[in-house]
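Thank you all for making the time this morning.

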Amino acid sequence: MKTVQISLNSIDKVKSFVNEITKYDNDFDLVSGRYVIDAKSIMGIFSLDLSKPIDLNIHADGDIDAILAALDPYIIK
C-alpha cells in the first residue's frame, strides 16, 4: 500500500480524478480525518472537506508507478 496526499479543490478535478482511477482494478481509499471512503465514489468524495489535502491510500503491488504517473496532477508535492 502506498499513501500520497492529493488536492481535489474543484468539481472538474474530482470528475477527472474519478475517471482516471476507475481505469484501474485496484482499491483506492480517501482518508480525511476519521472518514475513509472509496475513492471511486464521486458522491463519497463530495461528502469530504475538499478545501484541505486528502490522503489517498493506493492498494496496489505491481503497477504503482503507472498509477502514480496517472495521478500526478492531483498529488501534492
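This is a predicted model: local features need pLDDT of at least 70, side-chain atom pairs count only at pLDDT 80 or more; totals for chains, interfaces and linings use all residues.

Let me start with D72 and K77, which form a salt bridge whose closest N and O atoms are 2.6 Å apart, where a salt bridge is taken as a side-chain nitrogen of Lys or Arg within 4 Å of a carboxyl oxygen of Asp or Glu. Residues are numbered from 1 along each chain as its sequence is written, and side-chain values use heavy atoms, with hydrogens and water left out.

Coming back to that pair, D72 is partly exposed, its relative accessible area being 37%, whereas K77 is exposed at 75%; buried here means under 20% relative accessible area, exposed over 50%, and partly exposed in between, with a 1.4 Å probe and protein chains only. How many salt bridges does a search of the whole structure find? The search finds 3. Among them is the one between K23 and E20, with the closest N and O atoms 3.5 Å apart, and K23 is exposed, at a relative accessible area of 59%. Another joins D49 to K52, where the closest N and O atoms are likewise separated by 3.5 Å, and D49, at 35%, is partly exposed.

Now to the sheet. The model has an open sheet of 4 strands in the order 1-4-2-3, with antiparallel pairing; strands (E, at least two residues) and helices (H or I, at least four) are DSSP runs numbered from the N terminus, and two strands pair if DSSP finds at least two bridges between them. Strand 1 and strand 3, the latter spanning 35–38, stand at the edges with a single partner strand each, so one side of each is left without a neighbour in the sheet. Neighbouring strands are turned by 25° against each other on average, direction ignored, with axes being lines fitted to C-alpha atoms, for helices over the stretch in contact, and angles running from 0 to 180 degrees between N-to-C directions.

Strand 1 and strand 4 pair over 5 bridges, with K2 opposite I58 and Q5 opposite D55. Strand 2 is also joined to strand 4 by 5 bridges, and there L30 has L56 as its bridge partner.

Which residues touch the most other members of the largest nonpolar core? Of its 26 residues, they are I6, F17, L30, L56, I58 and L71; such a core is a set of buried Ala, Val, Leu, Ile, Met, Phe, Trp, Tyr and Cys residues joined through side-chain atoms within 4.5 Å. Strand 1, helix 1, strand 2, strand 4 and helix 3 each supply at least two residues of this core. Setting aside neighbours within four places in sequence, I58 is in contact (heavy atoms within 4.5 Å) with residues including V4, F28, I64 and L71.

I will close with two further positions. S32, in strand 2, counts as buried at 16% relative accessibility, and beyond its neighbours within four places in sequence it is in contact with L48 and I54. I42, in helix 2, counts as partly exposed at 33%, and its C-alpha atom is separated by 7.3 Å from that of K15, 27 residues apart along the chain.
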